[in-house]
Amino acid sequence: MRFELNALQQRDGACQMVFVAQNDSETDLQRLVLEAVLFDAGGQVAALTLLDLQDLPAARMRVRSFEIAGLACDNLSRLLVNGVSACEPDSAVCAEPLALESRVPVEVLQ
């Protein structure tokens with residue numbers, strides 16, 4: 001499973017985060033929810049959130065967008081994928097480490 005932070009855009013007091021998820025497995029996922037921790041430029045936790053990626057069909061790519069209220073995109077330094085909050089069906093795919101990437105100047109960790 002690949003997970004990429006693709007874009008950030010400030011929108012009316014919220015940071016819009018755009019992700020690209022690629023399910024490289026042969027298993028259709030009906031739902032995948034990741035627990036994420038966002039850190040500011042000073043290294044402090046700025047937000048804890050759940051990223052509901054919804055369905056991820058096998059061998060397909062999906063783009064998902066989330067708006068995090070009260071977060072300034074330009075003050076974001078790191079995103080930690082803390083774990084999987086939900087995975088349906090319960091699959092070994094969700095237990096495997098994610099291949100993480102970022103196309104913006106924010107470090108993405110697991």
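Along the sequence the protein reads β-β-β-β-β-β-β-β, that is, eight strands and zero helices. The radius of gyration is 14 Å, close to the 13 Å that the globule rule gives for 110 residues, so the protein is as compact as a globular protein of that length. The model is predicted.

**Overall dimensions and packing**

- Taken along the principal axes, the box filled by the C-alpha atoms is roughly 40 × 20 × 20 Å.
- Buried residues make up 44% of the 110 in the protein.
- The accessible surface is about 5,900 Å², and carbon and sulfur atoms account for 45% of that surface.
- Of the contacts between residues at least 6 apart in sequence, 69% join residues that are at least 24 apart.

- One cavity of 30 Å³ or more turns up when the whole structure is searched.
- The volume of the largest cavity is about 50 Å³.
- Its lining consists of Met1, Leu32, Leu34, Val84, Val93, Cys94, Glu96 and Leu98.
- By class, seven of the lining residues of the largest cavity are nonpolar, one is charged and none is polar.

**Backbone at loop positions**

- Asp12 sits in the loop that links β1 (2-11) to β2 (14-23).
- The phi angle of Asp12 is positive, near 40 degrees, in a residue other than glycine.
- Asp12 has a relative accessible area of 84% and is therefore exposed, the cut-off being over 50%.
- Gln54 belongs to the loop between β4 (45-52) and β5 (60-69).
- Gln54 is not a glycine either, yet its phi is positive at about 60 degrees.
- With a relative accessible area of 43%, Gln54 counts as partly exposed, because that class runs between the 20% and 50% limits.
- Pro89 is located in the loop between β6 (76-88) and β7.
- The peptide bond from Glu88 to Pro89 is cis, and its omega is near -5 degrees.

**Arg103**

- Arg103 is placed in the loop between β7 (99-102) and β8 (107-109).
- The relative accessibility of Arg103 is 60%, so this residue counts as exposed.
- Leaving aside residues up to four places away in sequence, Arg103 touches Glu4, Leu5 and Asn6.
- Arg103 and Leu5 are 98 residues apart along the chain, while their C-alpha atoms are separated by 6.2 Å.

**Leu100**

- Leu100 is part of strand β7.
- Its relative accessible area is 23%, so Leu100 is partly exposed; a buried residue would have to be under 20%.
- The contacts of Leu100, not counting residues up to four places away in sequence, are with Phe3, Val81, Val108, Leu109 and Gln110.
- Between the C-alpha atoms of Leu100 and Glu35 the separation is 14 Å, and these two residues lie 65 apart along the chain.

Methods:
Residues are numbered from 1 along each chain as its sequence is written. This is a predicted model: local features need pLDDT of at least 70, side-chain atom pairs count only at pLDDT 80 or more; totals for chains, interfaces and linings use all residues. Side-chain values use heavy atoms; hydrogens and water are left out. On a 1 Å grid over the protein atoms alone, a cavity is a set of points where a 1.4 Å probe fits but cannot get out, and a pocket is an open set with protein on both sides within 12 Å along at least five of seven lines; lining residues have an atom within 4 Å of a point. Grid points are joined across faces, edges and corners, and a volume is the space filled by probe spheres set on the points. Ala, Val, Leu, Ile, Met, Phe, Trp, Tyr, Cys and Pro count as nonpolar, Asp, Glu, Lys and Arg as charged, and the others, Gly among them, as polar. Helices (H or I, at least four residues) and strands (E, at least two) are DSSP runs, numbered from the N terminus. The radius of gyration is taken over C-alpha atoms; the globule rule is 2.2 Å times the number of residues to the power 0.38. Buried means under 20% relative accessible area, exposed over 50%, partly exposed in between (1.4 Å probe, protein chains only). Contact means heavy atoms within 4.5 Å. Accessible areas come from the Shrake-Rupley method with a 1.4 Å probe; for residues, only the protein chains shown count as cover.
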